[in-house]
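Notebook open, structure loaded. I want to jot down what I look up, one entry at a time.

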Amino acid sequence: MAEELTSEDVLVLADHADADGTLWRAITVDEGAFILSGHDTGPGVERILGCREYEFERTLTPAETIQLRLLLDVPREAADAELLAAVAARFDSTNELEAFLEEKGIDGAYWSQLGE
């Protein structure tokens, strides 16, 4: 049986809808891996990317997640919810988080998809 995520397991960083479409960003931690996900739809995406839908996921390995925990002063053994709370307290946007990860040399694995 799959484990259900609770509000403590998911940090939603952005959830916007307007005339340009929708923009959604969230972070989860699954089996030690830090996962930043995004999904955008609508005419705003089409103007920029030429299609109406964009999805992405940046996944940090468990070792990279431990490195992030240490940089944010979250103990390795602390609950995942503590890491999510530290991210929420430190970063106002995924752009800030991404810039921090880049500055610290934490690359993770990146996947994206255009269109449906």
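Is Ser 37 buried or exposed? I get 16% relative accessibility for Ser 37, so it counts as buried. My cut-offs: buried is under 20% relative accessible area, exposed is over 50%, and partly exposed is in between, with a 1.4 Å probe and protein chains only.

**Ground rules**

I am working on a predicted model, where local features need pLDDT of at least 70, side-chain atom pairs count only at pLDDT 80 or more, and totals for chains, interfaces and linings use all residues. Residues are numbered from 1 along each chain as its sequence is written, and side-chain values use heavy atoms, with hydrogens and water left out.

**Whole chain**

I looked up the secondary structure and found 4 helices and 5 strands. Helices (H or I, at least four residues) and strands (E, at least two) are DSSP runs, numbered from the N terminus. The order from the N terminus is β-β-β-α-β-α-α-α-β.

I then checked the size. The C-alpha trace spans about 45 × 35 × 25 Å along its principal axes.

Of the 116 residues, 37% are buried. The accessible surface comes to about 7200 Å², and carbon and sulfur atoms hold 49% of it. I note the method as Shrake-Rupley with a 1.4 Å probe; for residues, only the protein chains shown count as cover.

For contacts (heavy atoms within 4.5 Å), I looked at pairs at least 6 apart in sequence, and 45% of these join residues at least 24 apart.

**Ser 37 and Arg 25**

Back to Ser 37, which sits in strand E3, residues 33-41. Beyond its neighbours within four places in sequence, Ser 37 touches Trp 24, Arg 25, Ala 26, Phe 56 and Glu 57.

I followed that list to Arg 25, a residue of strand E2. Its relative accessible area is 10%, so Arg 25 is buried. What does the side chain of Arg 25 join in a polar contact? It is the side chain of Asp 40, at 2.6 Å. A polar contact here is a pair of N or O atoms within 3.5 Å; within protein, one must be able to donate a hydrogen and the other to accept it, and residues adjacent in sequence count only if both atoms are side-chain atoms. Other contacts of Arg 25, again leaving aside neighbours within four places, include Leu 11, Val 12, Phe 56 and Thr 94.

**Helix H3**

Which residues of H3 are buried? I list Leu 83, Leu 84, Ala 86 and Val 87. Down the axis of H3 they fall within an arc of 160°, so they line one face of the helix. The arc is that of the directions from the helix axis to the C-beta atoms. The background I keep in mind is that an α-helix has 3.6 residues a turn, so residues three or four places apart point the same way.

The buried residues of H3 pack against strands E1 (10-18), E2 (21-30) and E3, and against helices H2 (62-71) and H4 (94-103).

I took a look at Ala 86, in H3 (residues 80-90). Ala 86 counts as buried because its relative accessibility is 16%. Apart from neighbours within four places, Ala 86 contacts Leu 72 and Val 74.

**Rings**

I found 3 aromatic pairs. Tyr 54 and Phe 56 have ring centres 5.8 Å apart and planes at 25°, so I file the pair as stacked. For Phe 91 and Phe 100 the centres are 5.2 Å apart and the planes at 55°, so that pair is tilted. Rings of Phe, Tyr and Trp (its six-membered ring) pair if their centres lie within 6.5 Å; planes under 30 degrees apart are stacked, over 60 edge-to-face, and the rest tilted.

Tyr 54 and Phe 56 are buried, and so are Phe 91 and Phe 100. Ring pairs also link Tyr 54, Phe 56 and Tyr 110 into a cluster.

**Positive phi**

Most residues other than glycine have a negative phi, so I looked up the exceptions. Glu 31, not a glycine, has a positive phi of about 50°. Glu 31 is in the loop between E2 and E3, and is exposed at 75% relative accessibility.

Asp 73 has phi near 60°, also positive. Asp 73 lies in the loop between H2 and H3, and is exposed with a relative accessible area of 71%.
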